[in-house]
Structures are given as C-alpha cells and as structure tokens.
Amino acid sequence: GAGQPAPVVTALPKREAFGVVIEAVGTALARESVEITSKAANTVTAIRFVEGQKVARGAVLVEFDRAQAAAQLEEAEANLAESRNQYARGKDLSVTQALSRAQLDQLETAVKTAAARVAAARAKLEDTVIRAPFAGRTGFRRVSVGGFVNPGTVITTLDDTSIIKLEFTVPQSLLADLAPGLPVTALTEGMNGREFKGRIATLGSRIDPITRSIGVRAELPNADGALRPGMFMTVRLEGHEAPALLLPEEALVPEQGRTYVYVVKDGRAMRREVVTGGRRPGIVAVQS
C-alpha cells in the first residue's frame, strides 16, 4: 500500500586493483619496409630473386650492365697511378729544388683528385648490383631481364614481417593508463579468431589537436608470417592497475550530465554524486 518501503537490491562497494580496458582498431605495418629502386639508368642483366622469397641481408637481388662502369673504373685507376708516379718524381726533384713547392702541391692535389674519381667510379660500379638492405620477404617483380630502368623505378618491395608493428590511437583521457611494455591482444578477420599477443613499444610524442587522441605503436611477434602489412586489426589492452572503488554499473543514475548513486544509510537511500573512471563489463570504477 501507499507509504510502504519499496524493496531494493544493494551491493557493497569493493576496493580492488583495477585497470581500464581499452579497445581500438589499428593497421598492421612491417617491422621494416622498402621499395627496391635503381640509383641510375641502366639495363637489367640478371634477376637473382623469386617473388615472395625470403632473402638474407646483403643478398643480391638484381644485376645491371656493368661494362661502362667497369671501364670508367679502369680509366680512373690508370689516371690515379699516373698521378702518383708524377708526384713521386716531383718529390725527388723538389729535393734538388728543381721543382717548386707550389708545383709539388699541385701534383699532390692531382693525386687526391684522381683518388676521389676512383672512389666515385667504384661506387658507380657497385651500384650495378642491388642487394637486400635487410632480411625480409620480396614482393612482386616489376622489371624483366633486358629491361631499361630509370632512377627511382620500383623493381620490387622488401618487407621484414618477423615483427608486426600495430599502430592505433587512444583518447587523450586514457593517457595515464598507457605505458611502454603493457601487453596487448589483437585480432583480425580471416584468422578464425586467432589472438596475437604483443606489447606496447612506444607512445606518440604529440596529441592530435583535432581528435584529442594519441598514437600508440605495439609490436606483435610474427614468426610464422601469418600477419601481413596493411591488415586491419582490433586491439585490446588493460591499462595500469591501481586500487579503485568498484561499483555495479547498474547502480549508476545519470542525470543532466552528472552521475549519481544511492547510498543506504540508517535504512534510507541518500543520493550521492560520483565521478566515474574506467569501466569493465558490469563494473565501473569511482574516482571520487
């Protein structure tokens, strides 16, 4: 009847270690990734890799015509030898003052110039062979033997996917819950629900002024190569744990942008405003 107390369900708040659960979406990136290109215009004479092949660091990928570069190196080495001979004769003549100091300096400069030209020619010859800058897996081949390539022409791609870098963003409000080393769990479509475990590697140095979020990069071991760069992934992680007062989520009463709970005292329910923090399914942490 009227005026009779209504039955209520109560719960005791608990103070426990609590870490906010953060969920986000991100993009998988290779540990190292590069497009293999040529430094100079030349003709392809040999291709030493197979598409999708794992190659070691320093492995030869492509060879170019080296005849002209080799001839230029021989010419530069011959000029260097001649410059050195002239400098040696000049030193002998300078002893008898048959050659001035200025003339001897000119001969010495000629030797240094010739040596620099040899180094440049040798570097040009080395550029006729393209090697893998790091261990990884090659992509599609974009050139053929006999083809002429220009500087910057993409020959293939090389990706090191032994570790996958997963980049995602987290709201600025959760910055205090993030730190390098926190474990993360990631999933992606097409993997039958397989979970990939990793850790946060680094946090961005800036907050995006538009989204008010911070970039986070996690690293996921990928020894079997199941993950590939460009994959869309969902990531879940738990922030730093700290003691917090935990309440059932259904005890919260939102009203005009504020949050209240009813506290039972001496048989009466008294409304108290609270400031909430992180949440878990069915549980919310109270900050104050």
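Ser38 is buried, at a relative accessible area of 5%. Buried means under 20% relative accessible area, exposed over 50%, and partly exposed in between, with a 1.4 Å probe and protein chains only. The model is predicted: local features need pLDDT of at least 70, side-chain atom pairs count only at pLDDT 80 or more, and totals for chains, interfaces and linings use all residues. Residues are numbered from 1 along each chain as its sequence is written, and side-chain values use heavy atoms, with hydrogens and water left out.

Ser38 sits in the loop between strand E2 (21-37) and strand E3 (42-47). Strands (E, at least two residues) and helices (H or I, at least four) are DSSP runs, numbered from the N terminus. A polar atom of the Ser38 side chain lies 2.5 Å from the backbone oxygen of Ala40. Ser38 also touches Phe64, Ile130, Val149, Asn150, Pro151, Gly152, Thr153 and Ile155, with residues up to four places away in sequence not counted. Contact means heavy atoms within 4.5 Å.

## Gly26 in strand E2

Gly26 is found in strand E2. Gly26 counts as buried, at 6% relative accessibility. Its contacts, leaving aside neighbours within four places in sequence, are Leu166, Glu167, Phe168, Met231, Phe232 and Met233. Thr234 is 208 residues from Gly26 in sequence, yet their C-alpha atoms are 6.2 Å apart.

## Helix H2

Helix H2 covers residues 101-126, which makes 26 residues. From first C-alpha to last, H2 reaches 38 Å, close to the 38 Å expected at 1.5 Å a residue. The expected span is 1.5 Å times one less than the number of residues.

Which residues of H2 are buried? They are Leu104, Leu107, Val111, Ala114, Val118, Ala121 and Leu125. An α-helix has 3.6 residues a turn, so residues three or four places apart point the same way.

## The largest pocket

The largest pocket has a volume of about 560 Å³. It is lined by 19 residues, and those closest to its centre are Val9, Thr10, Ala11, Ala251 and Tyr262. A pocket is an open set of points on a 1 Å grid over the protein atoms alone, where a 1.4 Å probe fits, with protein on both sides within 12 Å along at least five of seven lines; lining residues have an atom within 4 Å of a point. Grid points are joined across faces, edges and corners, and the volume is the space filled by probe spheres set on them.

Strands E14 (242-248), E16 (258-265) and E17 (268-274) each supply at least two lining residues. The lining has 14 nonpolar, 2 polar and 3 charged residues. Ala, Val, Leu, Ile, Met, Phe, Trp, Tyr, Cys and Pro count as nonpolar, Asp, Glu, Lys and Arg as charged, and the others, Gly among them, as polar.

## The second largest pocket

The second largest pocket has a volume of about 480 Å³. Of its 22 lining residues, Arg137, Thr138, Asp159, Thr161 and Arg228 lie nearest its centre. Strands E4 (54-55), E7 (136-138) and E9 (154-171) give two or more residues to this lining. E9 gives the most, with 5 residues. By class, the lining has 6 nonpolar, 9 polar and 7 charged residues.

## Two loop residues with positive phi

Asn192 is not a glycine, yet its phi is positive, at about 55 degrees. Asn192 lies in the loop between strand E10 (183-188) and strand E11 (196-207). Asn192 is exposed, with a relative accessible area of 83%.

Asp266 has a positive phi near 55 degrees. Its place is in the loop between E16 and E17. Is Asp266 buried or exposed? Asp266 counts as exposed, at 73% relative accessibility.

Terms used. A polar contact is a pair of N or O atoms within 3.5 Å; within protein, one must be able to donate a hydrogen and the other to accept it, and residues adjacent in sequence count only if both atoms are side-chain atoms.
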